[in-house]
Amino acid sequence: MRKTWMTCAPARRTAVLGLGILLTATLLPAATPAQAATYTAPAFASKVPAATTQVIRTARTNKWCGSVYCTATQAWSKVNGQWHVVIRTDGSYAWFRSTIGPKGFAPIGAKREGDGRTPSGVYWIPVTFSTTTTNPGVMPWRRRLPTSIVTPWANHLYNTWIEQ
């Protein structure tokens, strides 16, 4: 079973975060011997389980604004043991603007409901979602309907998908 992982960390450190974003993508071709000799694994590679083949990475950026919540999200795939940014079917990199909590990333273990920060850490993504009628990406997917909610209530149903 293929597992997709996400990790995130405080600003200025490697950050990977699953945002429920799906990508239609193709994988990069295998590296040539010359490329393999110069390959350096990205910093996040040591933070995910060795069997991981897909990562959604989100990191702080000043590309769009100077605010703490301005981030860039990338889809990464491991091909022949080497990590590469995924290439979409149109030939562009799967790299786009994203937003996290207005107060940035919370330190690992310090995230609290309502604190305006995005959690830091490495997380397995069991399923992704979108409102499209078919799976637009390469990960496990579920369609979100207008009646779909994820409960915000602090009880035994916290963070549970419910169809109303």
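**Thr-151.** I began with the side chain of Thr-151 and found one of its polar atoms 2.2 Å from the backbone oxygen of Leu-157. I count a polar contact as a pair of N or O atoms within 3.5 Å; within protein, one must be able to donate a hydrogen and the other to accept it, and residues adjacent in sequence count only if both atoms are side-chain atoms. This is a predicted model, in which local features need pLDDT of at least 70 and side-chain atom pairs count only at pLDDT 80 or more, while totals for chains, interfaces and linings use all residues. Residues are numbered from 1 along each chain as its sequence is written, and side-chain values use heavy atoms, with hydrogens and water left out.

Where does Thr-151 sit? I found Thr-151 in the loop between strand S11 (148–150) and strand S12 (161–163). For the names, helices (H or I, at least four residues) and strands (E, at least two) are DSSP runs, numbered from the N terminus. Thr-151 counts as buried, at 2% relative accessibility. My cut-offs here are under 20% relative accessible area for buried, over 50% for exposed and partly exposed in between (1.4 Å probe, protein chains only). Setting aside neighbours within four places in sequence, I listed the contacts of Thr-151 as Leu-157, Tyr-158, Asn-159, Thr-160 and Ile-162; contact means heavy atoms within 4.5 Å.

**Salt bridges.** How many salt bridges does a search of the whole structure find? I got two, taking a salt bridge as a side-chain nitrogen of Lys or Arg within 4 Å of a carboxyl oxygen of Asp or Glu. Asp-115 meets Lys-111 at 2.6 Å, N to O. Asp-115 also bridges to Arg-117, with the closest N and O atoms 3.1 Å apart. I therefore noted Lys-111, Asp-115 and Arg-117 as a network of salt bridges, going by the definition of the term. Buried or exposed? Asp-115 is buried at 15% relative accessible area, whereas Lys-111 is partly exposed at 27% and Arg-117 is partly exposed at 25%.

**Strands S3 and S4.** I next looked at S3, where six of the seven residues are buried. S3 and S4 run antiparallel and are joined by seven bridges; two strands pair if DSSP finds at least two bridges between them.

**Trp-64 and the patch.** The loop between strand S3 (54–60) and strand S4 (70–79) holds Trp-64. Trp-64 is partly exposed, with a relative accessible area of 30%. Together with Tyr-93 and Trp-95, Trp-64 forms a nonpolar surface patch of about 320 Å² accessible area. Patches are made of residues with over 30% relative accessible area and no salt bridge; like charges are joined within 9 Å, nonpolar side chains (Val, Leu, Ile, Met, Phe, Trp, Tyr) within 5 Å. Accessible areas come from the Shrake-Rupley method with a 1.4 Å probe, and for residues only the protein chains shown count as cover.

**Gln-82.** I found Gln-82 in strand S5 (residues 82–85), buried at 11% relative accessible area. Its C-alpha atom is 8.5 Å from that of Thr-40, 42 residues apart along the chain.

**Whole chain.** Of the 164 residues, 36% count as buried. Of the contacts between residues at least 6 apart in sequence, 54% join residues at least 24 apart. The chain exposes about 9600 Å², and carbon and sulfur atoms supply 58% of that.
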